[in-house]
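Here's a quick briefing to read with the model open beside you.

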2 protein chains.
Amino acid sequence: MAHNDYFSSRRTIRKYSDHAVSHELIDELLLKASHAPTTGNMQLYSVIAAWSVEDKRQLSPAHFGQPQVENAAVVLTFCADFHRFSRWCEERDAEPCYDNLQSFMAATLDTIAFAQQFNTLAEQAGLGVCWLGTTTYNAQEIASALNMPPLVVPIITLTVGYPAEDGVDVGRLPLEAIRHEGKYCDYSGQRINELYAEKEARADSRMFVKENGKHTLAQVFTDVRYPRANNEAFSEKFISYLQSSGFMPKTL
Amino acid sequence: MAHNDYFSSRRTIRKYSDHAVSHELIDELLLKASHAPTTGNMQLYSVIAAWSVEDKRQLSPAHFGQPQVENAAVVLTFCADFHRFSRWCEERDAEPCYDNLQSFMAATLDTIAFAQQFNTLAEQAGLGVCWLGTTTYNAQEIASALNMPPLVVPIITLTVGYPAEDGVDVGRLPLEAIRHEGKYCDYSGQRINELYAEKEARADSRMFVKENGKHTLAQVFTDVRYPRANNEAFSEKFISYLQSSGFMPKTL
């Protein structure tokens with residue numbers, strides 16, 4: 001399993017060279033990735049490829065101007081899509097019934113599995129990839145810019161190009177932090193100390209704390225990177241958008 | 001890229017041999033899979049491994065008694081988990097603020113990418129895997145059975161073992177069905193006909209229509225496999241559970 005070494009050493013790439021990426025390569029990788037598991041073989045996703053300077057620039061504000069959007073060879077917006085399937089139903093004397101949250105979950109599952117499989121294939125083909133979690137923050141703006149109809153929701157965006165950097169090994173928690181045997185085993189304070197010790201001891205973590213004027217690494221997350229005000233404002237926005245997309249009821 | 005042939009030919013495996021799967025192998029694959037992309041390197045997931053007959057049997061009803069649950073060597077329940085991260089915050093003088101839907105989306109993204117990466121590694125190691133989309137239908141029951149605290153939500157279950165069948169090539173839509181250039185291009189009736197023609201012409205599709213006494217393949221989905229009454233009932237249930245888990249507001 002020599003090629004499996006790739007899995008442990010893969011890294012996010014945010015800087016891309018000018019080396020051209022061919023449409024044919026991306027198409028080949030997307031087609032292969034579409035063999036990832038999918039709910040009832042419905043393939044409840046679409047991917048929208050932005051290649052031109054104009055198309056990439058149009059997406060940039062929704063991703064808060066992160067430079068990898070305009071610098072990538074191609075920006076791929078992966079969407080949960082029950083619209084195409086519903087259109088097929090309409091054309092086949094069948095009444096589609098996918099304007100609900102379970103259908104959104106199924107489509108989200110399909111979309112992310114597809115995106116992850118594409119990511120693996122792209123990285124194994126020598127490309128560098130960065131995932132933009134900002135996609136659900138500004139899903140409405142992205143959907144408008146890309147002409148998405150109801151029952152289509154952008155879930156994750158991947159910027160893709162040949163790497164112009166090595167990327168950084170940011171490490172991961174030990175397996176014991178994430179794997180439970182039989183039942184979920186809750187975390188004592190002592191256990192948290194053990195599981196996060198290596199992460200907190202890293203030089204980059206300590207620099208992160210210092211640069212942000214905080215006392216703990218966790219405070220960098222709660223106060224700076226993912227603070228309550230942002231989480232709540234973007235959640236409200238996303239719920240409104242899911243309602244207008246048809247996947248979420250108007251009232252609970 | 002010879003090993004990439006795997007990607008196009010992978011299949012769901014529902015029947016498993018008695019050949020033992022080692023805990024060490026699953027741990028090795030899970031650890032490698034944890035290098036999949038994750039939001040802010042927070043690893044917002046947990047996986048709960050059921051190995052014993054009792055643990056697998058306990059999960060069976062939530063998956064409607066599908067036989068692969070009890071027949072698998074191991075059943076892995078992948079959960080969106082903001083609890084562990086929040087526990088870490090609490091232990092580090094930081095106030096966690098992840099009881100909202102964006103946090104659920106970030107954790108869902110991390111969880112599915114991790115599960116998909118595990119799936120790829122497991123299949124490349126010779127294991128067979130089946131994904132159980134029933135996980136979100138009965139998330140509440142699974143969470144109770146596995147002692148999950150708030151901010152932990154089961155998203156997808158994988159049954160895993162050495163294959164005792166070849167699996168079936170169920171085919172996929174042509175790339176043109178799922179990939180859009182620049183903007184989302186809506187589907188005309190004529191386009192739907194073209195894109196679904198191959199799928200509808202398959203012998204297994206035609207048999208499916210006949211066995212279910214329907215006129216079109218789409219009707220098998222809307223009337224039998226994913227009917228409105230089920231979709232809506234399980235959506236209501238899932239929304240209630242997300243509310244009790246803390247990820248969804250009590251009212252909209």
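N231(A), F234(A), S235(A), F238(A), I239(A) and L242(A) in α12(A) meet L101(B), Q102(B), S103(B) and M105(B) in α6(B). Sorted by type, the residues of this contact are six nonpolar, four polar and no charged. Keep in mind that this is a predicted model, where local features need pLDDT of at least 70, side-chain atom pairs count only at pLDDT 80 or more, and totals for chains, interfaces and linings use all residues. Residues are numbered from 1 along each chain as its sequence is written, chains are lettered from A and ligands numbered from 1 in the order in which they are written, and side-chain values use heavy atoms, with hydrogens and water left out.

**Helix packing**

- Helix α12 (residues 228–245) of chain A packs against helix α6 (residues 101–124) of chain B at an angle of about 80°, their axes 7 Å apart. The two are therefore roughly perpendicular (65 to 115 degrees).
- Within chain B, the axes of helix α9 (residues 189–201) and helix α10 (residues 203–211) come within 5 Å and cross at roughly 75°. That makes α9(B) roughly perpendicular to α10(B).
- K199(B), E200(B) and A201(B) of α9(B) make that contact with A203(B), S205(B) and R206(B) of α10(B). Those residues split into two nonpolar, one polar and three charged.
- For the terms: axes are lines fitted to C-alpha atoms, for helices over the stretch in contact, and angles run from 0 to 180 degrees between N-to-C directions. Helices are DSSP runs (H or I) of at least four residues, and strands (E) of at least two, numbered from the N terminus.

**The interface as a whole**

- Chain B puts 121 residues in contact (heavy atoms within 4.5 Å) with 121 residues of chain A.
- About 11100 Å² is buried between chain B and chain A (accessible area lost on being put together, 1.4 Å probe, summed over both), 59% of it on carbon and sulfur atoms.
- W88(B), Q102(B) and Y184(B) supply 8% of the area that chain B buries against chain A, more than any other three residues.
- The copies meet through the same surface, because 100% of the interface residues of chain B are also interface residues in chain A.

**Salt bridges**

- The whole structure has 30 salt bridges over all chains (a side-chain nitrogen of Lys or Arg within 4 Å of a carboxyl oxygen of Asp or Glu). Between chain B and chain A the count is six.
- D27(A) and R179(B) pair up through their side chains at 2.8 Å, N to O. This pair crosses between chains, from helix α2 (residues 23–33) of chain A to strand β5 (residues 179–181) of chain B.
- R179(A) and D27(B) also meet in a salt bridge, at 2.9 Å, N to O.

Technical notes
Parallel < 35°, antiparallel > 145°, perpendicular 65-115°, else oblique. Nonpolar A, V, L, I, M, F, W, Y, C, P; charged D, E, K, R; others polar. Buried area = accessible area lost by both parts, 1.4 Å probe.
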